[in-house]
Amino acid sequence: MLRAGSAGDLQAVYALNRSCFEEYWSVGSLVSALESGYDLLICEQDGELAGYLLTLTVVDEIQVMQIAVAPSFRRRGVARLLSEALVAGADGIATVTLEVRLSNIPARRLYAALGFAETGYRKQYYAPNAAGICEDAVLMDLQLPS
């Protein structure tokens, strides 16, 4: 089930955020994001948070800020469902943009299958991991029909 997220979802979103990302957002950052106009799309199954998508719309562009899927729901189409719902509801939007870790091959393949094109790189974009390595971000765009 997909639905718009709200402040009531943020504790669960924070827990998933923290389990998925080395550089996770605090609850305060998530609250601030919603208060400043970010959109949160929630995917639930049997009342459990399967995944979420956090985006920011600026004029005619949607920026995907985060997409996360709970480990127990991975490889079941949750990220595809969230991404497709985003695109389907993107009336008046020209471009959807995102950044993804260079090493995140499954995500890059999914986005490519959805029509995103790799448009560039941000060198050493992500903070150092446990081994002290800063990873590059791959920039991807999806141009939507007008």
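Two cavities of 30 Å³ or more were counted in this predicted model. A cavity is a set of points, on a 1 Å grid over the protein atoms alone, where a 1.4 Å probe fits but cannot get out. Grid points are joined across faces, edges and corners, and a volume is the space filled by probe spheres set on the points. The largest cavity holds about 40 Å³ of space. Its lining consists of Leu53, Val64, Ile67, Ser83, Leu86, Leu98, Tyr111 and Phe116; lining residues have an atom within 4 Å of a point. Strand 4 and helix 3 (78-88) each supply at least two residues of that lining. Helices (H or I, at least four residues) and strands (E, at least two) are DSSP runs, numbered from the N terminus.

Residues are numbered from 1 along each chain as its sequence is written. Because the model is predicted, local features need pLDDT of at least 70 and side-chain atom pairs count only at pLDDT 80 or more, while totals for chains, interfaces and linings use all residues; side-chain values use heavy atoms, with hydrogens and water left out.

The largest pocket contains about 1300 Å³ of space. A pocket is an open set of points with protein on both sides within 12 Å along at least five of seven lines. Of the 39 residues that line the largest pocket, Phe21, Ile67, Val100, Asn104 and Tyr111 are the closest to its centre. Two or more lining residues come from each of strand 4, helix 3, strand 5, helix 4, strand 6 and strand 7. Strand 4 gives the most, with eight residues. Ile67 and Tyr111 also line the largest cavity.

Seven strands form an open sheet of mixed pairing, in the order 1-2-3-4-5-7-6. Two strands pair if DSSP finds at least two bridges between them. Strand 1 (2-4) and strand 6 (117-122) are at the edges, each with a single partner strand, so one side of each has no neighbour in the sheet. From one strand to the next, the twist averages 25°. Strand 4 (residues 61-69) and strand 5 (residues 95-101) run parallel and are joined by three bridges. Glu61 stands opposite Thr95 in strand 5.

Helix 4 (residues 105-113) lies across strand 4, strand 5, strand 6 and strand 7 (137-143). The helix runs at about 160° to strand 5. Axes are lines fitted to C-alpha atoms, for helices over the stretch in contact, and angles run from 0 to 180 degrees between N-to-C directions. Contact means heavy atoms within 4.5 Å.

Helix 1 (residues 10-20) has Leu10, Val13, Tyr14, Leu16 and Asn17 as its buried residues. Buried means under 20% relative accessible area, exposed over 50%, and partly exposed in between (1.4 Å probe, protein chains only). The cover over these residues includes helix 2 (27-35), strand 2 (39-45), strand 3 (48-58) and strand 4.

Tyr125 is in the loop between strand 6 and strand 7. At 38% relative accessibility, Tyr125 counts as partly exposed. Beyond its neighbours within four places in sequence, Tyr125 touches Glu99, Glu135, Asp136 and Ala137. Its C-alpha atom is separated by 21 Å from that of Ala112, 13 residues apart along the chain.

The whole structure has zero disulfides, a disulfide being a pair of cysteine sulfur atoms within 2.5 Å. For Cys20, the nearest cysteine sulfur is that of Cys43, 13 Å away. Cys20 is partly exposed at 24% relative accessibility. Cys134 is also partly exposed, with a relative accessible area of 28%.
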